[in-house]
Amino acid sequence: AMPTLTNAAAERGRALQRLLQQAAAKLTGKYGERFQQLLHEYYFCNRSVDAVCAEIGMALDALHTSRKRAIDHLAAVLLQELQPALAPETPPQLPATLVERSVILAECQSALRANQTVLLMGSGGMGKTTLGSRLAHAWGLRQVCWFTVRPNLTDHLSNLLMQLAYTFRQQDAPALWQELVAAQGKVNLNVALGLVRYSLAQTGAQPILLCIDEVDLLQPATQVEHAQIVTFLQSLRGLLPLLLIGQRITIEADHYVTLSGLSPVAVKQWLLQAQLHLAAVEQLQLYSYPGGNP
């Protein structure tokens, strides 16, 4: 029998708890055992704060400080265990049609086919990810590596390399994947670029399209890991078609596109496609409030 939604959710919760306990058991270093004990008493045994303080002999202020450090260490071990970048990411679901973007779409396709780097920019809600997804689907998803920057989760160069290596591996070009696995995800930047060149030569006439969404979340001026990603992306210019998506991007490119709001005519067309029949004054209001932001 199919489990109910409640039972399925509870089972996912138990699975996550097991993963957390397994990760906590692998905490090492000077305070590894203390962190293990704190996490076990505070979270896994669900004891009160006073009881935990008494059990491990720690003052309340020291307990909260140590708890935060323990969580940080646990998060690092858990991410290492789960390797979220190993799960292939796919572009978001497409709408049936795009309104007033056909010219931009054609320009981007032409630039990408010429192995250029395209920057797709615009304020929130303008449809950057939607347009990028349309470009990815038109390219052929099997030849697309889609990667979304998520702070504190996938904002390390190793995450991006793993995702790219996985895509190459699917194309029978496993050199980068094998090197990353052997080096446990830590590969010299020059070595990685060399393996990317080698892998591209193995993939044939249709190159891999690398799409990076939320690039504006990278802070290379303050985050060393982010600076490594930006350096790697800049080094890929001319090697493979590269689509960078974000609100404000400072990376050099060959083709720049800034999406703006839809025109009143396009808003009317969009409403008709959605089978929403509004009076002319209502259409004008709908256009005016967000300034044509779809």
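## Basis of the model

Residues are numbered from 1 along each chain as its sequence is written, and side-chain values use heavy atoms, without hydrogens and water. Because the model is predicted, local features need pLDDT of at least 70 and side-chain atom pairs count only at pLDDT 80 or more, while totals for chains, interfaces and linings use all residues.

## Helix α5

Helix α5 covers residues 102–113; helices (H or I, at least four residues) and strands (E, at least two) are DSSP runs, numbered from the N terminus.

I104, L105, C108, A111 and L112 are the buried residues of α5 (buried: under 20% relative accessible area; exposed: over 50%; partly exposed in between; 1.4 Å probe, protein chains only). Viewed down the helix axis, these residues fall within an arc of 130 degrees, so they line one face of α5; the arc is that of the directions from the helix axis to the C-beta atoms. An α-helix has 3.6 residues a turn, so residues three or four places apart point the same way.

The cover over the buried residues of α5 includes β1 (117–121), α6 (128–139), β3 (209–213), β4 (242–246) and β5 (255–258). On the other side, S102, V103 and R113 are exposed. After α5 comes N115, with a positive phi near 65 degrees.

## Loop residues with positive phi

N152, a residue other than glycine, has a positive phi near 70 degrees. N152 lies in the loop between β2 (144–148) and α7 (157–170) and is exposed, with a relative accessible area of 66%.

Q275, also not a glycine, has a positive phi of about 60 degrees. The loop between α11 (264–273) and α12 (280–288) holds Q275, which is exposed at a relative accessible area of 66%.

Key
Expected span 1.5 Å × (residues − 1). Contact = heavy atoms within 4.5 Å.
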